[in-house]
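Colleague: I have not looked at this one before. Can you walk me through it?

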Amino acid sequence: MTAPETPDTARTFTTIGVVGLGTMGAGIAEVFARHGYAVVGVEKDDEGVARGRRHLEASTGRAVAREKLTQSEADELLGRITFSTSLKDLAEADLVVEAVVESMEAKVAIFRDLDAIVAADAILATNTSSLSVTELSTATSAPGRVVGIHFFNPAPVQRLVEVVRTVVTEPGVLDDVQALLGSLGKSPVVCGDKAGFIANTLLFGYLNHAASMFEQRYASREDIDAAMRFGCGYPMGPLALLDLIGLDTAYEILETMYRQGRDRLHAPTPILKQMVTAGLLGRKTGRGFYTYE
Ligand code: CAA
C-alpha cells in the first residue's frame with residue numbers, strides 16, 4: 001500500500017500519534033497503519049513499548065493466518081509504526097489519540113503536555129470509555145480541538161467508532177474526524193459527552209446483569225453465554241465478553257457510569273470487584289470467568 005486515501009477533509013492527516021499501547025492503543029495503531037498512515041506509538045517505558053509491539057505482532061499474525069492480510073502487507077503495516085517513550089516525538093502528528101488507563105489524573109497530565117507539543121491545528125482525541133471529554137479538554141489551551149474517538153475491542157475488527165463532541169468541539173473537527181474514520185473503513189456515530197456514550201450505556205447494564213446471574217448461581221457461565229449466543233445471535237456471550245474487555249476496565253466503566261447517572265443497572269455487581277481484587281482480570285491475566293492458555 002502507498003499513501004492513505006486522503007479523506008475529504010479540510011485538513012490533511014499524515015501522521016497519527018497513539019499514546020498508550022495496551023489492548024486498545026495497539027489496536028488503534030494497527031488500524032491507522034493498516035490504512036497507510038504513519039503512526040508514532042508512545043508508551044511510558046521500554047517494557048510498555050515491548051508489550052505494545054507484542055500485541056501488534058500477535059494481532060497482525062492472526063490477520064495473516066485468517067488471510068485478511070498477506071505477510072508483506074503485515075510487514076509494511078508494522079514498518080509504518082515507530083515507537084517512543086517520549087511525548088515530544090508527537091510534534092509532527094496531525095491527530096493524537098490517547099488510550100492510556102481510565103484515570104482522569106493520568107489523562108489530564110498527558111493532554112496538558114500534548115497541548116504544548118503538537119501544532120496549533122492538530123486534533124487531540126481520547127479513547128476514554130467513560131471519563132469526561134469536556135473535563136479533559138479544559139486541560140488544553142484550545143478545547144475546541146479536543147474530541148472523543150472511542151474504538152471498540154478488538155479495534156482492528158469492530159466497525160463502530162463513537163465520536164464524542166463536547167459543547168465546545170469545533171464542528172470542523174467533528175467533520176474531519178468522521179471523514180478520517182470513514183477512510184479506515186469504520187462506521188462513526190456522533191454523540192454527546194455522557195459517561196458510557198451510546199454503546200456502553202446500553203451494553204454494560206446487560207453485562208452487569210449477567211455477572212450478577214453468575215454470582216447468584218442462577219445458571220452456569222457456559223449456559224449464560226450460550227443463551228445469548230444461540231438465542232440472540234450475539235457473537236460472544238456476556239461473561240466471555242467481560243473477559244475480553246478486562247474485568248478491571250469493566251468495573252471502572254460501571255463505577256463511573258453509576259457515579260454519574262445513579263442508574264442501579266450500572267451499580268457494579270460485587271463479584272466484579274472481588275475478581276479484580278483477586279487479579280482475575282480476564283484474558284489479559286489468563287483467568288477471569290474462564291481460564292485461558
Ligand atoms: N485485522 C483484521 N481482521 C482481523 C484481525 C486483524 N488484526 N484479527 C482478527 N480479524 C478478523 C478475523 O479474520 C475474523 O474474520 P472472519 O470472521 O471474516 O474470518 C474476525 O476478525 C474474527 O476474528 P477471529 O476469528 O479471530 O475471532 P472470532 O471469530 O472468535 O471473533 C470477536 C472474535 C471479533 C471478538 C467476536 O467474538 C466479537 O465480535 N465479539 C464481540 C466483541 C464486542 O462486543 N466488542 C465490544 C466490547 S465493548 C468495548 O470495546 C467498549 C469499551 O469501552 C470497553
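**A walk through the model**

Modeller: D115 has its place in helix α4. This is a predicted model, where local features need pLDDT of at least 70, side-chain atom pairs count only at pLDDT 80 or more, and totals for chains, interfaces and linings use all residues. Residues are numbered from 1 along each chain as its sequence is written.

Colleague: How do you define helices and strands?

Modeller: They are DSSP runs, numbered from the N terminus: H or I over at least four residues for helices, E over at least two for strands.

Colleague: Is D115 partly exposed or buried, and why?

Modeller: D115 counts as partly exposed because it has 19 C-beta neighbours inside 10 Å. A residue is buried if 20 or more other C-beta atoms lie within 10 Å of its own, exposed if 12 or fewer, and partly exposed in between, with C-beta atoms placed from the backbone.

Colleague: Which residues does D115 touch?

Modeller: T140 and S141, leaving aside residues up to four places away in sequence. Contact requires that the C-beta atoms of two residues, placed from the backbone, lie within 7 Å.

Colleague: And what does α4 lie across?

Modeller: Helix α4 (residues 104-117) lies across β1 (15-19), β4 (95-98) and β5 (123-126), and runs at about 165° to β4. Axes are lines fitted to C-alpha atoms, for helices over the stretch in contact, and angles run from 0 to 180 degrees between N-to-C directions.

Colleague: On to the sheet. What is the strand order?

Modeller: The order is β3-β2-β1-β4-β5-β6-β7-β8, an open sheet of eight strands with mixed pairing. Two strands pair if DSSP finds at least two bridges between them. At the edges stand β3 (81-84) and β8 (187-191), each with a single partner strand, so one side of each is left without a neighbour in the sheet. Direction ignored, neighbouring strands of this sheet are turned by 25° against each other on average.

Colleague: In which sense do β2 and β3 pair?

Modeller: Strand β2 (residues 38-42) and β3 pair in the parallel sense, over four bridges. β1 and β2 also pair in the parallel sense, over five bridges. G41 stands opposite F83 in β3, and G41 in β2 is the bridge partner of V18.

Colleague: Is β2 enclosed or open to the outside?

Modeller: Five of the five residues of β2 are buried, so β2 is largely enclosed by the rest of the structure. A38, V40 and V42 are buried on one side, and V39 and G41 are buried on the other.

Colleague: How is the protein divided?

Modeller: It is divided into domain 1 (15-191) and domain 2 (200-284); the bounds come from an automatic or database domain assignment. Their centres, taken over C-alpha atoms, are separated by 26 Å. Six residues of domain 1 are in contact with nine residues of domain 2. The residues on that side of domain 1 divide into one nonpolar, four polar and one charged. In these classes Ala, Val, Leu, Ile, Met, Phe, Trp, Tyr, Cys and Pro count as nonpolar, Asp, Glu, Lys and Arg as charged, and the others, Gly among them, as polar.

Colleague: Where does the ligand lie?

Modeller: Both domain 1 and domain 2 give residues to the shell around the ligand, so the ligand lies between them. Of the 20 residues around the ligand, A63, R66, S129, N153 and P156 come nearest. A residue is near a molecule or strand if its C-beta atom, placed from the backbone, lies within 6 Å of it.

Colleague: Which helix gives the most to that shell?

Modeller: α2, with four residues. α2 (46-65), α7 (199-215) and α9 (238-245) each supply at least two. By class, the shell has ten nonpolar, seven polar and three charged residues.

Colleague: How many residues of α9 are buried?

Modeller: Seven of the eight, so α9 is largely enclosed by the rest of the structure. The buried residues of α9 pack against α7, α8 (221-232) and α10 (247-261). Just after α9, G246 takes a positive phi of about 105°.

Colleague: Which residues does the cis peptide bond join?

Modeller: N153 and P154, with omega about 0°. P154 is in the loop between β6 (146-151) and β7 (160-164).

Colleague: Last one: what is the phi of R217?

Modeller: R217 has a positive phi of about 55° although it is not a glycine. R217 is in the loop between α7 and α8, and counts as exposed with 7 C-beta neighbours inside 10 Å.
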